[in-house]
Amino acid sequence: MALSTRLASRLRPALAALCRAVPGQRRGLSTPPGLEPTLDLGGIFPPLATPFSALQEVDYAQLEANLRRYASIPFRGLVVLGSSGEYPYLAPRERLEVLSCVRRALPRDRLLLAGSGCESTQATVELTVSMAEAGADAALVVTPCYYRGAMSAAALVRHYTEVAEASPIPVVLYSVPANTGLELPLEAVLTLAQHPNVIGIKDSGGDVSEAGLARGTRGWPQTRPRATPRAPRWGRGDAHPQAHLSPQITRMGLIVHKTRQEDFQVLAGSAGFLLASYAVGASGGVCALANVLGAPLCQLERLCRQGSWREARDLQHRLIEPNAAVTRRFGIPGLKKAMEWFGYYGGPCRAPLAPLSPAQVEELRGAFSTNGWL
């Protein structure tokens with residue numbers, strides 16, 4: 001029988017302390033020395049696309065086929081029921097069935113994060129408990145946004161605190177203003193980071209400017225940057241990148257800095273600013289592009305951890321346009337179309353999401369081919 005929500009709430013601080021005492025866990029780059037995370041989120045997580053049949057039913061056989069392909073890629077784990085998984089279009093029963101299918105196929109040494117955010121606190125608590133019972137290792141909880149005018153920092157802190165108190169599994173905050181029209185306020189993040197059952201944030205709030213990169217002017221430097229005083233923390237090799245940082249990266253760096261004494265990890269929400277995120281101390285990334293180019297994203301993570309910044313920069317450059325194509329430009333229909341070119345099942349989206357036009361398909365293909373992926 002699953003733990004009651006009240007009992008789970010009381011046990012969380014003790015369980016967190018016990019987990020921190022377990023030796024041999026890999027510390028995330030944003031975690032200060034001497035503080036082991038309750039659940040190590042360091043690495044790349046693809047937010048899985050949900051495969052549908054021609055009749056727009058969840059195709060579990062194709063999901064399992066994709067999972068077999070992903071098993072050969074050194075992901076830290078998988079995310080189900082995120083934005084890329086068409087979460088709002090799935091019935092409650094389907095959400096649990098998708099999670100259960102992935103849990104059965106996923107090795108126990110890989111983490112499974114499950115989206116459980118709903119508009120009400122009560123519904124979020126209930127779904128989070130169900131996700132825990134179905135095998136999720138952590139809950140990814142998006143900000144409620146329907147009444148966004150009332151979603152003050154104080155209201156969001158209350159919401160997440162109640163969810164964290166009731167959840168039998170750790171909670172990861174999820175800020176994605178492109179979809180919700182609401183960015184989780186910095187002061188709310190810093191307050192919630194102090195809760196023993198809130199272990200991190202997936203921050204998808206912005207992106208590094210791509211226009212300058214395309215013109216070869218501003219953006220990532222074209223010459224080898226000078227070393228910074230803190231480069232040894234990132235490993236030896238090429239110097240720490242001195243990127244032109246967007247406000248989003250500045251925010252992520254501030255969160256890392258302000259939560260350095262907490263058991264709290266920051267995950268980049270896009271492959272477009274993954275290198276910059278590592279540069280300011282992120283632990284990993286939940287990136288839609290990992291559904292398509294998972295191995296290169298894991299390679300980018302490895303290069304950053306090694307301090308091989310020149311190679312990492314060159315690889316990041318080649319990922320920016322494909323990432324923009326499968327996120328902001330063409331969204332989930334573009335992501336699923338690109339998956340098919342790399343041997344995965346993409347298939348149709350659920351209505352009202354529409355397939356790409358032939359012209360859009362060619363534009364999408366160009367974003368991959370001009371960067372050497374096709």
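Is Arg93 buried or exposed? In this predicted model, Arg93 is exposed, because its relative accessible area is 51% and the cut-off for that class is over 50%.

**Helix α3**
- The side chain of Arg93 meets that of Glu97 in a salt bridge with an N to O distance of 3.0 Å, and both residues lie in helix α3, four residues apart, or about one turn of the helix.
- Glu97 counts as partly exposed, with 30% relative accessibility.
- Arg103, which lies in helix α3 (residues 92-105), is buried at a relative accessible area of 8%, and its side chain reaches the backbone oxygen of Gly135 at 3.1 Å.
- Leaving aside neighbours within four places in sequence, the residues in contact with Arg103 include Arg108, Arg110 and Asp137.

**Salt bridges elsewhere**
- The whole structure holds ten salt bridges.
- One of them joins Arg251 and Asp203, whose closest N and O atoms are 2.9 Å apart; this pair links distant parts of the chain, with Arg251 in helix α9 and Asp203 in strand β6, 48 residues apart.
- Arg251 is buried at 11% relative accessibility, and Asp203 is buried at 0%.

**Helix α12**
- The 21 residues of helix α12 (residues 309-329) should span 30 Å at 1.5 Å a residue, and the end C-alpha atoms are 28 Å apart, which agrees.
- Helix α12 bends by about 30 degrees at Leu319, and Pro322 follows within four residues; Leu319 and Pro322 are among the buried residues of this helix.
- Just after helix α12, Gly331 takes a positive phi of about 60 degrees.

Key. Residues are numbered from 1 along each chain as its sequence is written. This is a predicted model: local features need pLDDT of at least 70, side-chain atom pairs count only at pLDDT 80 or more; totals for chains, interfaces and linings use all residues. Side-chain values use heavy atoms; hydrogens and water are left out. Helices (H or I, at least four residues) and strands (E, at least two) are DSSP runs, numbered from the N terminus. The expected span of a helix is 1.5 Å times one less than its number of residues. The bend at a residue is the angle between axes fitted to the seven residues ending there and the seven starting there. Buried means under 20% relative accessible area, exposed over 50%, partly exposed in between (1.4 Å probe, protein chains only). A polar contact is a pair of N or O atoms within 3.5 Å; within protein, one must be able to donate a hydrogen and the other to accept it, and residues adjacent in sequence count only if both atoms are side-chain atoms. Contact means heavy atoms within 4.5 Å. A salt bridge is a side-chain nitrogen of Lys or Arg within 4 Å of a carboxyl oxygen of Asp or Glu.
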